[in-house]
Each structure stands twice: as structure tokens, then as C-alpha cells.
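Trainee: Could you take me closely through one loop of this model and then follow its surroundings outward, giving the cut-off behind each term as you use it?

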Amino acid sequence: MNTGKPTDAVQRPRWRRLRKALFIVAGVALLIVFTLMGVRLYDIQQGPPLAAWHTYVPQELDAERLDRSTWDDYLAHEDQLFALVRQNVGDKLLPEDKVDSNRYFADAKVYPEHFAHDWNRSFMLLPAGEPRGVAVLLHGLTDSPYSLRHVAAHYQSVGYVAIAIRMPGHGTVPGGLTDAHWEDWAAATRLAVREARRRVPAPKPLHMVGFSNGGALALMHALDALDNPKLDKPDRLVLISPMVGITSFARFAGLAGLPAILPAFAKAAWLSIVPEFNPFKYNSFPVHAARQSFELTQTLQDRLVAQQRAGGLERLPPIITFHSVLDFTVSTRALINALYARLPANGSDLVLFDLNRATKLGPLFRRGVAWQLAGTLPGEKRNYRLTLVTNASPTSSAMIERVIEPNATAVVERAIGMDYPREVYSLSHVALPFPTDDALYGTHPDNIEEFGISLGAMSMRGEVGAFVIGMDTLTRLTSNPFYAYLVKRVDGVIPR
């Protein structure tokens, strides 16, 4: 009797075809993986060899020890780290590494310990009189406390204690980032906040200022403090190019470093191996650091979702964020959708710096760049104030701010009295916290000899293919022509 069910004779050919298709798909996937791995190995082997600053790993304090340490303990350990770097790297340089552009060569102009102040180290700035508040400043990945020195000095000038902590794995040698974890950075953040409140107790205001990866850490601490009464809560968050989300490549960054388990392919543990000519920032970048930044942002986004569902974001302090709409390092969409779209009406601000619409470079931009600001200005009401700093018109370099107040849709335009430099087509991820007269990164440095090199003022011309670093690195904007506007907006959220 026919039951309507397929017979075994019919099912077997179908299963064989399905199994064959699965084998083909798996084979193609493996072929792609091995091809990409081969390209990766070939590419990395063509680069410079690993040097002492890549292979030496200073022993930083881990999260558990950091949570038991004081500020003075951390500074004492920091002194030991820098002494060990001198012994194990600086004193053991090969002859070919003893060049004037190597930050680890004691006779080089870019050697940080020759400067009046080594900004790789944690620092504290005290106001002239009784403190009116305290600010904790957190730098970004591969960076150092130098990146927030100008913002720290501004807080000091208005009566605040400014505390900038060096994150574990930073400021010493790039090899330090091969063994640093985001949990250690979070613990260092807690240590800095403890010291801030020890020096300036509540109810005086506590601000947390985070740049890039430091922005993620500041936001993470604020979220943790919502449910942990042992943590001091910030009264305000100031975020600069915050790392709320990054590219999906970092999800698979660990795979890119797998060949490094074989000594012959040790360089595969690095996404880039570049000479270290910058006295206050690593040029080389290990795979492990990329993976840690991705894990931090994923954990941060998960906690934002959880706190929103639990109603905890209602207790989050107001946030003001400064961000370039064209940012190669972090995701503008993640900042808007994963963070700001979830915020309650708590007085938060989002300040976006637009492309220079007067450059007439539209046809030269890659596909996708033109999406900038699509859907960010007109339309729905928001719980936060949105400001777009942009050209007054497509043919004018004069800048205006277009402001939409919370729960409104009307756009109010105001001139800011600044022009977009004609030679600049956008800001960049790294540019925002630096004025144009910064001695290292400024386009018009006030003291070109202060740090032995002025990266922002360099203008290199010649044939392509000559450098071991990409030309994008040399042409990336490293200072902010609208820094005075940024500081003015920060002033607006500092209680006087």
C-alpha cells in the first residue's frame, strides 16, 4: 500500500547529493582559509624582523593586584618597568637599531627620557587652589597618557585635579600588548578612580574622560558602578572618538595569529611591524591587542543592552561625545545605534565633525564614504542633543553647527567662527584631542624641537613603494583644527 512517504531508495540518492555538496562546501572553505593564511604568512614575512621591543614583555600588574594597589604602588611599579625596559631593550640594541629615529636608543632625539617630561608615564596635574572637582583621563590602545595632556591641562586650569593613568601594556614596548588584557585596563581604571575620590571626595564632581579605547573603559566603569556600590560613580562622561564598536575583522584576529605558535612564523602574532619612531605611541600592533579591543567592545555592548532592559541606564550620568563621522578605527554606526539610541533623556550630547564638503573630492572617495550622516540629522526625535559641525554650504569653508535639541526635529544653525582648512578633507580618529599647535602631532607645532620629531607637520614627497609603512599613516590628520570648539563644549559641562 502506498503511504505517501518516500522510500529508502529515494532518500539515499538525496542524502548522497547532500553529503557531496557539504564536502564541496567544506573543501572550498578550507581552500579559502589556507589561501588567506598563505597570503598572510607571505605578507608578514616580507616585513621587518622582530626586534627587542617586540619580543620583550614587561611584567605588568594584573587585574587582581591592581584592585589591591594604590596610586603610589602603581607609580613605583611603573618606575621598575621603565628601568627593566632600559636594561632589556635599550641596553641591548643591535648596531643597526642605534639610529636617531628609534625611541629606544638613548642617544636618539626621540628618546622619551631626554624630554622635560616623559608623557608615557601616568601623571597628575593639581590646580593652584582648592580643587573644585576631579577628572580621570583614559588614553587609547597603543597610545599613552600624552594623548590627553591638553584636555588634562584644561581641567587643571579650571580648578580640577587631572589624573591620567598609563594602561598596562602601554608606554613601554609594543611587546607589552601581547600579554595585556582588557580586564587589566578596567582594573587600572578603577585604581585611578579610587585615587581621584581619595584626593577629591564627593560631592565634588568626578568626570571621566576617555579617548578611543579609553572611552570604552570610561563607559564600562560607569555601567559597572550602577550595580556595584563599592565603585565611585562618575558625574559626567566626556568621550572622544570612543571605541563602542570596531570592525568585524577583530573577531577573527586570533586566527590571524595562529601560525605564531611555530617559531619560524613568530611575526604572524603581529598585524603590523613598524619602526618605533613615535616617542609616545606604538607603531607596531599585535594580534592579541586587536582581539582584546574587540572583546571589550562586545562586552560593553552586551552590558548596555542588559542595563537598558533592566532600566539601569536611567541612572547613567550624562555623556558628551566628540566624533569624526569619517573614522577608520571605530564604528560611527555603533556609536549612534549601540549607545546613543539607548540613552534616556539625561542631558547627553553627541557632537559629530563632518567631512569638508567644500573640497570637491567626492568622485575620489571610496564607495560607502558618502553615506556619512545619512539618517543622522533629519527625521525622528532623539533623547539627546545632536550637533553636526559642518560647512555653511557645499562651496564654503566657513563652519557652522547644526543643532537638534532633545525631543525635537527643528535644526538650528549657528556660525562657530572657524574654517575648514582647505587641504583637509576630514578629521580622523586620532586627531580630535590634539590642538594644531601640539609639538608632536600639530600641523603648526609651537615647538618643533620639543620631542625630536613633529609628525603632524611632516610633508613627504617622492616615489611610491619606498617606505615600510603605508602612506596613509603619513598623511592621516593628527590634530584637530576645531580643538578650541571641542574645549568650549567641554567647558559647557564643567560645573563652576
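Mentor: Thr142 is found in the loop between S2 and H5, where helices (H or I, at least four residues) and strands (E, at least two) are DSSP runs numbered from the N terminus. This is a predicted model, in which local features need pLDDT of at least 70 and side-chain atom pairs count only at pLDDT 80 or more, whereas totals for chains, interfaces and linings use all residues. Residues are numbered from 1 along each chain as its sequence is written, and side-chain values use heavy atoms, with hydrogens and water left out.

Phi of Thr142 is near 70 degrees, a positive value in a residue other than glycine. Thr142 counts as buried because its relative accessibility is 8%, the term meaning under 20% relative accessible area, with exposed over 50% and partly exposed in between (1.4 Å probe, protein chains only). Leaving out residues up to four places away in sequence, Thr142 touches His170, Leu177, Lys281, Tyr282 and Phe285, where contact means heavy atoms within 4.5 Å.

A second residue with such a backbone value is Ser241, whose phi is near 45 degrees, again positive in a residue other than glycine. Ser241 is found in the loop between S5 and helix H8 (253-256), and with a relative accessible area of 0% Ser241 is buried.

Tyr146 and Tyr441 form another edge-to-face pair, with 6.0 Å from centre to centre and 65 degrees between the planes. Because Tyr146 lies in the loop between S2 and H5 and Tyr441 in the loop between S12 and helix H11 (471-475), the pair ties together parts that are 295 residues apart in sequence. Both Tyr146 and Tyr441 are buried, as are Trp119 and Phe123. One aromatic cluster is formed by Phe115, Trp119, Phe123, Tyr146, Phe280, Phe434, Tyr441 and Phe451.

Just after H5, Gly159 takes a positive phi of about 95 degrees.

Beyond this part, the helix packing can be followed through H6 and H7. The axes of helix H6 (residues 182-199) and helix H7 (residues 213-227) come within 10 Å and cross at roughly 65 degrees, the axes being lines fitted to C-alpha atoms, for helices over the stretch in contact, with angles running from 0 to 180 degrees between N-to-C directions. That makes H6 roughly perpendicular to H7, since angles of 65 to 115 degrees count as roughly perpendicular, under 35 as roughly parallel, over 145 as roughly antiparallel and the rest as oblique. The contact is made by Trp182, Trp185, Ala186, Thr189, Arg190 and Val193 of H6 and by Asn213, Leu217, Met220 and His221 of H7. By class, this contact of H6 with H7 has six nonpolar, three polar and one charged residues, where Ala, Val, Leu, Ile, Met, Phe, Trp, Tyr, Cys and Pro count as nonpolar, Asp, Glu, Lys and Arg as charged, and the others, Gly among them, as polar.

H7 also packs with helix H9 (residues 287-310), at an angle of about 35 degrees and with the axes 10 Å apart. The residues in contact include Leu217 and Met220 of H7 and Leu300 and Leu304 of H9, and by class this contact has nine nonpolar, four polar and three charged residues.

Definitions and conventions. Phe/Tyr/Trp six-rings, centres within 6.5 Å; stacked < 30°, edge-to-face > 60°.
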